[in-house]
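This briefing is meant for a first look at the structure shown below. Please keep the view open while reading the points that follow.

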Amino acid sequence: MKYLKCFQGCVISVTGIDFEKRETVKKVVERNGGVYEKNLVQGRTTHLIAASTEGRKYKHAVDWGLPVVSETWISDCVERGVCLSTRRYDVKELEKQEEERRRKQMEEEESRKKEESLEREEDEKEDENELYG
């Protein structure tokens, strides 16, 4: 199989990702022209793949102005055969979007429960009225 060189010039490190996925990222990056670096090295590392916005590597990458992206960035780059912009894959933004989605979901659930409770109360009042006339 012929591999593309979509990570040519990229030095990629990871954080918060289990060993098996790290090995996969390493293979994919190297097969596609990039360098996998276990350690985050200022002035050398170009991208950090992160599972969350926590940890030393994440903090340093942000302080150094490096793009910190989700694993999806890797697979999408390979799928398209080019090194894609990191903007859509920013881990901090993705976490914010997920938090907002969860918040909305919880609000909808609370609203649904309130409606059900009101309906039950109304049904009980109707039953009482029928019973006691």
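The points below cover the sheet, its central strand pairings, the helices, an aromatic pair and the cysteines.

The model is a predicted one. It contains an open sheet of four strands in the order β2-β1-β3-β4, paired in parallel. The structure has zero disulfides and one aromatic pair.

**The sheet**

- Strands β2 (35-36) and β4 (68-69) stand at the edges with a single partner strand each, so one side of each has no neighbour in the sheet.
- Strands of a sheet pair through backbone hydrogen bonds, in either the parallel or the antiparallel sense.
- Two bridges join β1 to β2, and the two strands run parallel; in this region I12 stands opposite Y36 of β2.
- Four bridges join β1 to β3, again in parallel, and V14 has I49 of β3 as its bridge partner.
- Strand β3 (residues 47-50) pairs with β4 in the parallel sense over two bridges, where the bridge partner of I49 is V69 in β4.

**Helices against the sheet**

- Helix α2 (residues 56-63) packs on the sheet and touches β1 (11-15), β3 and β4. The direction of helix α2 makes about 140° with that of β1.
- A right-handed β-α-β unit is made by β1, helix α1 (residues 19-31) and β2.

**Strand β1**

- Five of the five residues of β1 are buried.
- In a regular strand the side chains alternate between the two faces of the sheet.
- From β1, V11, S13 and T15 point one way, while I12 and V14 point the other way. All of these residues are buried.

**The aromatic pair**

- The pair is formed by F7 and W73, with 5.5 Å centre to centre and 50° between the planes, which makes it tilted.
- F7 lies in the segment before β1 and W73 in helix α3 (residues 71-80), so the pair ties together parts that are 66 residues apart in sequence.
- Both F7 and W73 are buried.

**The cysteines**

- There are zero disulfides in the structure. C6 is in none, and the nearest cysteine sulfur, that of C77, is 5.8 Å away.
- C6 counts as buried because its relative accessibility is 6%, and the cut-off for buried is under 20%.
- The sulfur of C10 is 3.9 Å from the closest cysteine sulfur, in C83, which is too far for a bond; a disulfide needs the two sulfur atoms within 2.5 Å.
- C10 is buried, with a relative accessible area of 6%.

Note on methods:
Residues are numbered from 1 along each chain as its sequence is written. This is a predicted model: local features need pLDDT of at least 70, side-chain atom pairs count only at pLDDT 80 or more; totals for chains, interfaces and linings use all residues. Side-chain values use heavy atoms; hydrogens and water are left out. Two strands pair if DSSP finds at least two bridges between them. Contact means heavy atoms within 4.5 Å. Axes are lines fitted to C-alpha atoms, for helices over the stretch in contact, and angles run from 0 to 180 degrees between N-to-C directions. Buried means under 20% relative accessible area, exposed over 50%, partly exposed in between (1.4 Å probe, protein chains only). Rings of Phe, Tyr and Trp (its six-membered ring) pair if their centres lie within 6.5 Å; planes under 30 degrees apart count as stacked, over 60 as edge-to-face and the rest as tilted. A crossover is right-handed if, with the strands pointing away from the viewer, the path from the first strand over the helix to the second runs clockwise.
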